[in-house]
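Colleague: I would like to learn how to read helices and salt bridges in a model. Could we go through one together?

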Amino acid sequence: MCGIVGYTGESLEAEEILLDALKRLEYRGYDSAGIALIDEGEGVVEVFKRAGSIEELKQGLPPVKSKTGISHTRWATHGVPNDVNAHPHTDCSGKIALVHNGIIENYKALKERLIAEGHQFSSDTDSEIIAHIVEENYHGNLLDAVMKTVEELKGSWAILVIHAEHPGEIVAARHESPLVLGKKFDKVFAASDPTALLKYTDQFIFMEDGQIAHLKDGTIALYDLKGKEVEPIWQRITWSVEDAEKGGFEHYMLKEIYEQPSTIHQCLQGWDEGALSELNIEGTRSITIVACGTSYHAGLVGKYVIETFAGLPVTVETASEYRYSSPKDFSSLHIFISQSGETADTLAALREAKRRGNETLAITNVMGSTITREAHHTLYLRAGPEIGVAATKTFTSQVVILYLLALYIGKRRGKLLSEEVEGTLREIKHLPRAVEAILSKEEEIRNLAEMIKEATSIFYIGRFVNYPSALEGALKMKEISYIHAEGYPAGELKHGPLALLDSSLPVVAILTDDHTYDKMLSNIGEVSARGSPVIAITEEGDREVVKYTEHVLYYPKVMPILSPVPVAIYTQLLAYWTARLRGCEIDKPRNLAKSVTVE
Ligand code: F6R
């Protein structure tokens, strides 16, 4: 996830402070870094930026005496990681410099307009256009120029802007991307995360959506979108720097679980149909999804969803098996899902699929990763870096991308009407709220984790679209708590696993208000008749399941086919709390690596 820092103060130490504060955002992950400083003596803005680490940036940096500047770590979303795409970006005059976090949805239209007006661009980013719009709107007052600029933007942003003719000034704006302001004596700061600034201050203003801040000569003034000054709310933060890197959470995994309302939102905002315009959907008779681990489970959800919305048959294969399968007589669209984009098994399967003459589409979280260079088409999750080894936020983003893709394919194949697509999209847009509601129930989940923490084995059962949820729930549990866990299609229990059930083996049963509900209830009956404690995950309003178990976790009403998203939040938190109560090493489970680059 990108990181932003801004500083202005009396002393000429902007360069040192900006680089030091930026380093404290390294934990978020990044692929390039940059800094812009106002050199008052020369009356210019000096910009230094490059792909690579902050250390590498520092090595090529001359000492600049400056009291005002901005800095940035970039995690690529539009345009590959390289020197020109790194921030800060400048306008045509070179006097304005800007850093941006977020996604500008209407950047293509804005860029076309600016090019027609004679603007020249050097990067492939959506961010660069903002500097040029500020340039258009600038008539001597930087604050006014930024206020006018944000009126034209659609999407999400946290931006900091400086101007060579305004030493001692930074203008900051926020919309759906976090931005905090800090102050100590004559020094004022801005950052995407208070972590960056804890060494310098403990006094913060958390900017709200639509606010614009004017940092000038040691003061901060805050405005709403209409330009009306608003009273800032100062808060004192007493985190240690280490706590703060995890945003105050005990583990990265927990932080990443809690990020999901915003990562799902970002995924929706970043959906780019343009990336699919060349896809030969009309010519394909079937779809094959190939992936490993959690990504494979997302692929299984994708199977039900694509078959439902697009009417195409879908097979899902684990990547390590795909390359040994027999080639088919006809080609099909192959979708490769990989959070890292570097999983060796998935890459080997991708190469094999291409060799067999199939069209390939990658779904990944990492810009510029190997998979993006080798697949014919790529869709990005835009979930920000995932540091915990157990995949959480990237799973829900993969599932959301697959919903969007299924709708897109359904529409292009004439299987869905525009109204149907719009209606489902509206439902999908409610998912961040449903996730938030579950995150507020941590206490209940923790209590259930207490109940199961001594188990030596746990089963997860579900049907239809929540059969993959059962597999994913079991995978999360086993990898971080080291409790043996298995996921089953609920109907399979009676074909063998039922033999293992007794009071020592808890069963997590996932229900959805769809055509599988009654069958799931009778499966729960079978389980509880054997004395196994049942934890049911079901939709709010379910009055039947309590007849079988008192341990019920309710998720808000969603369209049944979307239920794997709220369900995943419960299974992630259940695994997390079980592992934590057992004292496990959560972010780095034994024997596992975040990116599996060997076959
Ligand atoms: C489980 C997990 C792994 C990965 C798998 C594939 O929590 O993270 O099962 O899902 O190794 O990795 P990617 O998606 O990077 O290809």
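The dialogue below takes up a helix and then some salt bridges.

Modeller: This is a predicted model, where local features need pLDDT of at least 70, side-chain atom pairs count only at pLDDT 80 or more, and totals for chains, interfaces and linings use all residues. Residues are numbered from 1 along each chain as its sequence is written, and side-chain values use heavy atoms, with hydrogens and water left out.

Colleague: Which residues are buried in helix α15?

Modeller: Buried means under 20% relative accessible area, exposed over 50%, and partly exposed in between (1.4 Å probe, protein chains only). Helices (H or I, at least four residues) and strands (E, at least two) are DSSP runs, numbered from the N terminus. In α15, residues 431-439, the buried ones are Leu-431, Pro-432, Ala-434, Val-435, Ile-438 and Leu-439. They lie on the same side of α15 because they cover an arc of only 160° around the axis, taken from the directions from the helix axis to the C-beta atoms.

Colleague: How many salt bridges does the structure hold?

Modeller: A salt bridge is a side-chain nitrogen of Lys or Arg within 4 Å of a carboxyl oxygen of Asp or Glu. The structure holds 29. One of them joins Glu-40 and Lys-67, with the closest N and O atoms 4.0 Å apart.

Colleague: Where do Glu-40 and Lys-67 lie?

Modeller: Glu-40 is in the loop between β2 (32-39) and β3 (44-51), and Lys-67 in the loop between α2 (54-59) and β4 (68-74), so the pair ties together parts 27 residues apart in sequence. Glu-40 is partly exposed at 41% relative accessibility, while Lys-67 is buried at 18%.
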